[in-house]
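Trainee: I would like to go through the labels used for this model and ask what stands behind each of them.

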Amino acid sequence: MDSLAGRPKLLKQGNLTLIRKVIMGKKTATRAEIAEETKISSTTVRSLLAEMLENGEIESIGYDKSSGGRKAERYRFRPERYYGAAFCISDEQMYGLLVNVCGEIVEKRKLEVINNSYEETIVSFLDEEMEDKEIKSIGIGVPGVVEGGCYWKKRLDDDRLYKVVIGENLAQRYKLPVILENDLKAIAIGFGRCYLNEFPGEVPDNINMAYLHFAKGCISAGFITGGKIVRGYSNFAGELGLIPMNKGKLLDECMAEDMEDGEYVDYFIRIISWICAILNPQYVALGGSDFRENCIGPISDGLSSLLPERMTAEILYSPDVWHDYYDGMAYLTAGKMFDEVQFVKEQI
């Protein structure tokens with residue numbers, strides 16, 4: 001069996017990956033904190049931090065207050081050193097984002113799709129940005145069901161699903177970590193993060209919420225349980241429009257019909273009550289280009305009168321779906337920046 005000790009370059013790269021993930025996760029860290037979390041020796045951590053300082057990857061932000069011994073020096077990433085490229089795609093629009101190592105969006109650009117190809121458009125964006133920036137990860141939000149490095153999308157002519165192998169192609173081309181995410185799930189993540197920023201007392205791992213999106217007469221959802229996105233066995237979780245309804249119609253067909261606000265509210269109360277009965281979320285966020293904002297109050301009141309208090313979710317409104325989409329993909333893309341080499345503990 002090969003030994004990591006016999007492959008010093010691989011071992012060093014793995015240690016660097018662990019150190020980077022700790023600094024990124026904690027925002028700032030001391031040598032002792034890094035050694036504690038990574039279990040890498042303090043001597044090795046010191047040597048690698050010195051190398052990261054020298055190449056401009058990290059910077060010192062000063063020393064902690066002394067607790068009686070030597071003051072600990074604290075480090076953080078230089079935000080302008082590394083970047084991720086995120087792409088937010090819908091059926092009608094496409095945006096390219098440049099994201100720094102802190103997950104902040106430093107550039108946003110609406111993209112014209114080249115030759116009806118998302119992949120060709122992404123390559124053009126990346127090649128331009130890579131001329132003067134070090135891109136460490138690629139994130140792509142897509143309007144389809146994600147499966148690894150590809151996604152499934154419906155054909156417009158026959159309504160059948162076809163496979164788009166975009167992530168695998170880009171990973172092979174650029175030798176970078178690539179993450180694909182369904183657009184609604186990315187929006188749910190973004191909304192959840194915006195909510196946490198607004199209410200910092202909330203614990204991320206305790207977030208339980210559903211995001212319902214209504215556009216073009218179609219309704220779909222993204223779910224977060226225990227701070228984690230719910231994908232389902234084959235990544236189809238949240239396809240609410242396929243639920244059978246009255247007279248053999250699917251929910252999407254029903255919601256696409258003309259209806260008065262009262263009937264519209266009744267449909268949403270029914271949908272949300274199902275979700276509350278199955279997942280018991282604390283929050284249900286409603287949004288989308290075709291959602292009727294004026295119905296928020298009646299939906300909330302109707303749900304409260306139907307369900308027991310501890311089962312009823314708080315109804316929230318998402319006024320800017322694209323903002324949530326950007327934030328969700330920025331977060332996911334930044335999180336993939338240092339997925340270079342990872343060690344897995346072997347079970348004996």
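**Labels and their grounds**

Mentor: Start with Val101, which sits in the loop between strand E5 (94-100) and strand E6 (105-110). Keep in mind that this is a predicted model.

Trainee: Why does Val101 count as buried?

Mentor: Buried means under 20% relative accessible area. Val101 has 3% relative accessibility, so it counts as buried. Not counting residues up to four places away in sequence, Val101 touches Met24, Phe77, Arg78, Pro79, Tyr82, Ala334, Met337 and Phe338.

Trainee: Where is Pro143, and what does it touch?

Mentor: Pro143 is in the loop between strand E7 (135-142) and strand E8 (145-147). Leaving out residues up to four places away in sequence, Pro143 touches Ile89, Ser90, Asp91, Lys153 and Asp183.

Trainee: What makes Pro143 buried?

Mentor: The cut-off is under 20%. Pro143 has 16% relative accessibility and therefore counts as buried.

Trainee: And Thr30, is it buried or exposed?

Mentor: Thr30, in strand E1 (residues 29-30), has a relative accessible area of 4%, so it is buried. Apart from neighbours within four places in sequence, Thr30 is in contact with Asp64, Ala72, Glu73 and Arg74. In the protein chain, buried residues make up 45% of the 348 residues.

Trainee: Which residues touch the most other members of the largest nonpolar core?

Mentor: Ile23, Leu49 and Tyr211, in a core of 49 residues. Helix H6 (residues 183-198) gives the most to this core, with eight residues. A second, separate core has 31 residues, including Phe214, Phe223, Phe268 and Ile269.

Trainee: Which residues form the contact of H2 with H3?

Mentor: Arg31, Ile34 and Ala35 in H2 meet Ser42, Val45, Arg46 and Leu49 in H3. The residues of this contact divide into four nonpolar, one polar and two charged.

Trainee: What is noted about phi of Asn116?

Mentor: Most residues other than glycine have a negative phi. Asn116 is not a glycine, yet its phi is positive, about 60 degrees. Asn116 lies in the loop between E6 and helix H4 (118-129).

Trainee: What makes Asn116 exposed?

Mentor: Exposed means over 50% relative accessible area. Asn116 has 76%, so it is exposed.

Trainee: How do you know that Lys247 is exposed?

Mentor: The relative accessible area of Lys247 is 85%, and the cut-off is over 50%, so Lys247 is exposed. Lys247 is placed in the loop between strand E14 (228-229) and helix H7 (251-255). Phi of Lys247 is also positive, near 55 degrees, in a residue other than glycine.

Definitions and conventions
Residues are numbered from 1 along each chain as its sequence is written. This is a predicted model: local features need pLDDT of at least 70, side-chain atom pairs count only at pLDDT 80 or more; totals for chains, interfaces and linings use all residues. Side-chain values use heavy atoms; hydrogens and water are left out. Contact means heavy atoms within 4.5 Å. Helices (H or I, at least four residues) and strands (E, at least two) are DSSP runs, numbered from the N terminus. Ala, Val, Leu, Ile, Met, Phe, Trp, Tyr, Cys and Pro count as nonpolar, Asp, Glu, Lys and Arg as charged, and the others, Gly among them, as polar. A nonpolar core is a set of buried Ala, Val, Leu, Ile, Met, Phe, Trp, Tyr and Cys residues joined through side-chain atoms within 4.5 Å. Buried means under 20% relative accessible area, exposed over 50%, partly exposed in between (1.4 Å probe, protein chains only).
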